[in-house]
Amino acid sequence: MKILIIEDEKALLENISNYFNEDGNICESCQSLNSAIEKLSNYEYDCILLDIGLPDGEGFEILDYLKDKQRNEAVLIISARNSLDDKINGLNIGADDYLTKPFHLAELKARVVATYRRKTFNSNNKLIFNEIRIDLSGRTVEINNIPIVLTRKEYDMLLYFIANKGKVISKNAIAEHLWGDEMDMHDNFDFIYTHIKNLRKKLLDAKCDDYLKSIYGIGYKFMG
């Protein structure tokens, strides 16, 4: 997943980021309302962890921004405020869940996974697309009931394509989603071509239909 952490408490922000990075997620962060709006105006995310008490404004403004732009990121509020009014307000204007500080990182992770799954795949642990079967909890893939071995990036890429099936996805969007800030270290998109080539070969070798199409000059489309 690509996660944006909006949290002004630096130590907590770093702990959350490190914890999720260990599982191969891409975490980006900001510590103010203005920097969060700037991030969201340029990039898309799978999930947003949102502190509503920010130094330059209320985090609720982020929810208003997402609603106004018709964005679909899963949003989990993490806040020291535990009043019923704050929880109801947050959920009513677009948050998917609300977790009160302090919390265990394991619980936060479980909430994030459940929220993202519910938002994107209708809460199922299994994602089935024709002959492709993905176990979202175990991060395993089967083609025609035969397991195939994918690298972490190949798995994330396959999930991203299926979640956006039928849409043309630019090379830049793929790079931002799967590599985040790391994409700035690359001079071109050759690293994307390599991962897509390897993923496509593994799918075809497993007798999977060729759903992945290259759209010249733009990017790729996973045919639905």
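Is Y211 buried or exposed, and at what relative accessibility? In this predicted model, Y211 has a relative accessibility of 11% and therefore counts as buried, the cut-off for that class being under 20%.

A pair of aromatic rings is described by the distance of the centres and the angle of the planes. For F129 and F222, the centre-to-centre distance is 5.4 Å and the angle between the planes is 55°, a tilted arrangement. F129 belongs to strand β8 (residues 126-129), whereas F222 belongs to strand β14 (residues 219-222); the pair therefore ties together parts that are 93 residues apart in sequence. Both partners fall in the buried class: F129 has a relative accessibility of 7%, and F222 has a relative accessible area of 2%.

F222 also pairs with Y211, with ring centres 5.5 Å apart. The planes of Y211 and F222 meet at 35°, so this pair is likewise tilted. Through ring pairs, F129, F161, Y211 and F222 are joined into a cluster.

A contact between a charge and a ring involves K2 and Y45. Here K2 is placed over the face of Y45, at 4.9 Å from the ring centre.

Technical notes:
Residues numbered from 1 in each chain as written. Predicted model: local features only at pLDDT ≥ 70, side-chain atom pairs only at ≥ 80, totals over all residues. Heavy atoms only, no water. Phe/Tyr/Trp six-rings, centres within 6.5 Å; stacked < 30°, edge-to-face > 60°. Helix = DSSP H or I, 4+ residues; strand = E, 2+ residues; numbered from the N terminus. Buried < 20%, exposed > 50% of the residue type's maximum accessible area, 1.4 Å probe, protein only. Lys NZ or Arg CZ within 6 Å of the ring centre and 35° of its normal.
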